[in-house]
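Please bring the model up on your screens, and we'll walk through it together.

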Amino acid sequence: MKLWGGRFRKEENKLMEEFNKSFDYDKVLYKKDIEGSIAHVYMQVHCNLLTEEEGTAITDGLVSIHEDICNGKLPLEGNYEDIHSFIEINLIKRIGEVGKKLHTARSRNDQVATDMRLYAKEETTDLIQLISNFKNTIKEVAYKNSVIMPGYTHLQRAQVVTFKHHLMAYYSMFDRDEKRLKNALEILDECPLGCGALAGTTHNIDRNITQEKLGFKRVVENYMDGVSDRDYLLELMGDFSIIMMHLSRLSEELILWSSQEFKFVEIDDLYTTGSSIMPQKKNPDGAELIRGKTGRVYGNLFGLLTVMKGLPLAYNKDMQEDKEGFFDSVNTIQMCIQVMERMISTLKVNEESMKKAVKHGFLNATEVADYLVNNNVAFRDAHGIVGSIVIYCEDNKKSIEELSLEELKQFSKVFKEDIYDFIDYENILNKGIKKNLL
């Protein structure tokens with residue numbers, strides 16, 4: 001049974017039927033489809049499109065379908081075109097002819113649009129909570145590990161920072177991500193139910209009733225835009241892509257830091273795997289998978305952008321392609337956030353390796369230049385002097401702080417005993433200008 005077909009002389013081709021159906025993936029919308037339908041029935045009764053008895057029968061039928069899906073009595077399977085036909089066909093089987101009145105004053109176009117907005121709202125709200133939890137974990141681990149480490153530019157040791165400050169940079173990134181998602185939620189919080197196929201309905205309906213019943217802040221103003229708008233999915237998928245980019249950057253650092261070359265951190269066994277041939281290996285697969293899945297989320301965004309780029313108003317079947325990519329992105333990003341949160345919470349920080357890297361990285365070279373400038377040496381001259389000192393240190397396998405005062409004076413007579421306090425790493429971090437690095 002199909003929800004359409006009255007004007008057709010021939011049965012749908014079997015290949016076309018398989019090509020057209022979306023039930024295998026849009027069945028995840030069953031809760032939202034039932035929720036939207038119950039709100040629609042409530043409005044129908046209020047506007048005298050259904051009697052109280054009819055409304056009660058349809059609502060009870062929808063509730064029983066939801067219960068049976070949840071408890072496994074009604075499996076989401078079978079030869080159905082989509083989740084909407086699954087719900088309606090099973091409703092009619094349960095309550096008879098009155099079930100056919102459910103769709104009065106509604107199109108599948110505004111029905112699908114409503115389901116997707118409800119789903120997007122719920123999943124995004126859940127994602128915001130996951131990010132909030134993750135931020136708390138980042139902060140907790142950062143503040144427990146305020147140990148010195150090299151800060152990098154161009155993946156070259158640059159200046160001394162703390163692990164806390166480094167990790168809190170990601171806190172800032174995910175804080176912006178949370179704000180972006182909240183902003184996207186505010187924009188998408190419109191109810192398209194009542195837009196019909198593209199031009200509303202001649203039935204006497206009250207869109208504000210369904211809007212309030214479903215928890216939307218407002219109704220969609222333009223009917224054609226209401227059924228054909230996928231901007232909210234694109235915006236969310238864009239936000240997802242930025243979040244995944246941040247996760248991927250953090251993954252890359254964990255992969256580097258946990259290598260034998262760095263030994264800055266150790267990822268817990270729970271989130272690593274071994275080699276089938278090399279027994280010594282401990283691979284950072286959790287981080288690598290997150291880094292890899294970032295491309296998957298990017299691809300879903302570009303896929304939908306490409307689908308939408310040439311579509312005339314209003315609804316076109318191309319828009320059915322919005323679902324698989326969005327569902328996949330939601331599942332992927334929620335999984336990645338949770339895995340990363342657990343990796344960070346169980347991360348072991350190797351303080352000694354970080355300190356050793358600082359000592360061997362000339363990370364106080366900038367402070368040596370600052371010292372010279374403070375003693376009336378022009379910055380460009382100071383820069384050249386310190387460059388020569390670094391070469392000398394490399395040739396003699398020493399750090400700057402290991403040089404004697406006599407050695408330093410070879411490069412500039414302004415050096416005095418106070419240079420050693422000035423370039424001490426702990427003192428560098430404690431100076432007023434760098435207190436936020438602690």
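Let's start on the surface, with a nonpolar patch formed by Leu198, Met224 and Leu313. Together these residues have about 270 Å² of accessible area. Keep in mind as we go that this is a predicted model.

Stay with Leu313 for a moment. Is Leu313 buried or exposed? Its relative accessible area is 61%, and the cut-off for exposed is over 50%, so Leu313 counts as exposed. You'll find Leu313 in the loop between α11, which covers 285-308, and α12, which covers 322-345.

Leu313 has something else to show us. The peptide bond from Leu313 to Ala314 is cis, with omega near 5°. Ala314 also sits in the loop between α11 and α12. For background, most peptide bonds are trans, and most residues other than glycine have a negative phi.

That second point brings us to two more residues. Ala105 has a phi near 70°, a positive value in a residue other than glycine. Look for Ala105 in the loop between α5 (83-95) and α6. With 11% relative accessibility, Ala105 counts as buried.

Then there is Phe362, which is not a glycine either, and yet has a positive phi of about 55°. Phe362 is in the loop between α13 and α14, where α14 is 365-374. Phe362 counts as buried because its relative accessibility is 18%, and buried means under 20%.

Helix α13 runs over residues 351-359 and includes Ser353. Ser353 has 16% relative accessibility, so it counts as buried. Which residue does the side chain of Ser353 contact? The partner is Asn350, and a polar contact of 3.1 Å joins the two side chains.

Now for charges. Here's the idea to hold on to: side chains of opposite charge can pair when their charged atoms come close. How many salt bridges does the structure hold? There are 27 salt bridges, and I'd like to show you a few of them.

Find Asp175, which forms a salt bridge with Lys135. The closest N and O atoms of that pair are 2.7 Å apart. This pair links distant parts of the chain: Asp175 is in helix α7 (residues 163-188), Lys135 is in helix α6 (residues 108-144), and they are 40 residues apart. How open are these two to the surface? Asp175 counts as partly exposed, at 21% relative accessibility, whereas Lys135 counts as buried, at 8%.

Asp175 has another partner, Lys179, and their side chains meet in a salt bridge with an N to O distance of 3.5 Å. Why are Lys179 and Asp175 separated by about one helical turn? Because the two residues are four residues apart in helix α7. Lys179 counts as exposed, with 54% relative accessibility.

Glu266 belongs to strand β5 (residues 265-266), and Lys282 is in the loop between β5 and α11, so the pair ties together parts that are 16 residues apart in sequence. Both ends are partly exposed: Glu266 has a relative accessible area of 39%, and Lys282 has 35%. Going back to Asp175, salt bridges that share partners join Lys135, Asp175, Glu178, Lys179 and Lys182 into one network.

Some charged residues are in a patch instead. Glu406, Glu417, Asp418, Asp421, Asp424 and Glu426 form a negative surface patch. Among them, Glu406 is in helix α16, residues 405-409. Glu406 counts as exposed, with 59% relative accessibility.

One last stop, this time in helix α11, where you'll find Ala287. Is Ala287 buried or exposed? Its relative accessible area is 0%, so Ala287 is buried. Ala287 and Thr272 are 15 residues apart in sequence, while their C-alpha atoms are 8.5 Å apart in space.

Note on methods
Residues are numbered from 1 along each chain as its sequence is written. This is a predicted model: local features need pLDDT of at least 70, side-chain atom pairs count only at pLDDT 80 or more; totals for chains, interfaces and linings use all residues. Side-chain values use heavy atoms; hydrogens and water are left out. Patches are made of residues with over 30% relative accessible area and no salt bridge: like charges are joined within 9 Å, nonpolar side chains (Val, Leu, Ile, Met, Phe, Trp, Tyr) within 5 Å. Accessible areas come from the Shrake-Rupley method with a 1.4 Å probe; for residues, only the protein chains shown count as cover. A salt bridge is a side-chain nitrogen of Lys or Arg within 4 Å of a carboxyl oxygen of Asp or Glu. Lys and Arg count as positive and Asp and Glu as negative; His and the chain ends are not counted. The place of a charge is taken as NZ of Lys, CZ of Arg, CG of Asp or CD of Glu. Buried means under 20% relative accessible area, exposed over 50%, partly exposed in between (1.4 Å probe, protein chains only). A polar contact is a pair of N or O atoms within 3.5 Å; within protein, one must be able to donate a hydrogen and the other to accept it, and residues adjacent in sequence count only if both atoms are side-chain atoms.
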